[in-house]
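User: I would like to learn how to read a few features of a protein model. Could we take them one at a time?

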Amino acid sequence: MKALIISVDLGSPDFQAHADEFAMLARGAGAEIVGTVVARRARPDAAHFIGSGKLEEAVLLAGQAHADIILFDQPLTPAQQRNLERGFNLRVVDRVALILDIFALRAKSHEGKMQVELAQLQHLSTRLTRLWTHLERQRGGIGMRGPGESQLEMDRRMIGAKVRVLRERLAKVQRQRGTQRRARSRGNTLSVSLVGYTNAGKSTLFNALTRAGAYAADQLFATLDTTTRRVWIEGAGQVVVSDTVGFIRDLPPTLIAAFRATLEETVHADLLLHVVDAASPQRDEQIAEVDKVLADIGAADIPRILVYNKIDAAGCGAGYEPRVERNEHGTIARVFLSALERRGLDGLRAAVAEAHQIAGNNAFHVENL
Ligand SMILES: Nc1nc2c(ncn2[C@@H]2O[C@H](COP(=O)(O)OP(=O)(O)OP(=O)(O)O)[C@@H](O)[C@H]2O)c(=O)[nH]1
Ligand SMILES: [Mg+2]
């Protein structure tokens, strides 16, 4: 697919980094980028998001570059999307739909596929509803009488029914997962979840820790399914480690909702290892974004260790040697390592063992109150 990218600069200092991330998303969805148009705006235009002059320029460029699709790096309202599609006479895919598309491409397990389908249907249903209200005003007009209306209503009802079925099936899978989790927790094993921004290196670290063969790749959202392995860590005993789906800035809410079941694993962990791409210039923004999602899913209070990964990489301000850093209470708060070169893993294991002991002591205190 030949894609023209429309990138809107709303004055954020991180504009270029965000534009690069969007291009990576586009390539991850299989697009060949044949051109990019940058529009600078103080605020979005209600009808087209970009101004009419910019739109003309982009339409011209799309024709010259033989683009088959327009990728828009902001979330669009249904009306903006429709107006842009009319302007270009091409399909327009916004940021939310692009992320959904990549998830659809990558989903492998039955559960993952159901979750993505649910998110896509929910995304679609908001568009249908708005389209419906827009047409409703013309009720009775020429071409709007009879089956045309009921067709829309039927689509809406069918989507609603499908959404319900998917929700029920997912809830069933989730209950089974809960049973497995309770069986594990009775065994008094520490459960640890790897969380973090997409492409931070969670799967690479998971493989390094567990010697498993989880898929790790330089693409966004390489992992969609939670993978869990048991591993023995000196000082902590049997530990259950889970690799999870990555987060991204402005993660579509429909996706968070659909992936709640997968993220449950995170919510019920005893300890979170928040993996950070220490070499990314967007590091701090990405940390904040992950913290936001963790708060959204109710995981804000779980003890966590920040894992600064990729210390081998150039441009890493964290320094190139593995080390651990303690906070003002003397507990390990940050671990610097390279999952790829498998350096600094002992520091991480020591941190996990220490967290396990603290958790154990807390449990002891509670029991003795
Ligand atoms: N230089 C360097 N690259 C790394 C390191 N760890 C991971 N990578 C690379 O970063 C890219 C992403 O790694 P993954 O392990 O797939 O990242 P992830 O966090 O699981 O990503 P998603 O599943 O997409 O959320 C891959 O190309 C890895 O080889 C590291 O310590 N150093
Ligand atoms: Mg991964």
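User: Which residues of helix α3 are buried?

Analyst: Buried means under 20% relative accessible area, exposed over 50% and partly exposed in between, with a 1.4 Å probe and protein chains only. Helices (H or I, at least four residues) and strands (E, at least two) are DSSP runs, numbered from the N terminus. In helix α3, residues 78-88, the buried ones are Pro 78, Gln 80, Gln 81, Leu 84 and Phe 88.

User: Why do the buried residues of α3 line one face of the helix?

Analyst: An α-helix has 3.6 residues a turn, so residues three or four places apart point the same way. An arc is taken over the directions from the helix axis to the C-beta atoms. Down the axis of α3, the buried residues fall within an arc of 160°, so they line one face.

User: How far can I trust the model?

Analyst: This is a predicted model, in which local features need pLDDT of at least 70, side-chain atom pairs count only at pLDDT 80 or more, and totals for chains, interfaces and linings use all residues. Residues are numbered from 1 along each chain as its sequence is written, chains are lettered from A and ligands numbered from 1 in the order in which they are written, and side-chain values use heavy atoms, with hydrogens and water left out. The pLDDT is the predictor's confidence in each residue, from 0 to 100. The protein averages 85, and 88% of the residues score at least 70. Over residues 130-136 the pLDDT is below 50, and this stretch has 9 contacts (heavy atoms within 4.5 Å) beyond near neighbours in sequence.

User: Which non-glycine residue just after α3 takes a positive phi?

Analyst: Asn 89 does, with a phi of about 60°. Asn 89 is in the loop between α3 and β4 (91-93), and counts as exposed at 69% relative accessibility. Arg 342, also not a glycine, has a positive phi of about 55°. Arg 342 sits in the loop between β11 (332-336) and α11 (345-367), and is partly exposed at 47%.

User: Which residues come nearest to ligand 1?

Analyst: A residue is near a molecule if one of its heavy atoms lies within 4 Å of it. Of the 22 residues around ligand 1, Lys 202, Thr 204, Ala 222, Thr 223 and Asp 312 come nearest. Helix α7 (residues 202-210) gives the most to this shell, with 3 residues.
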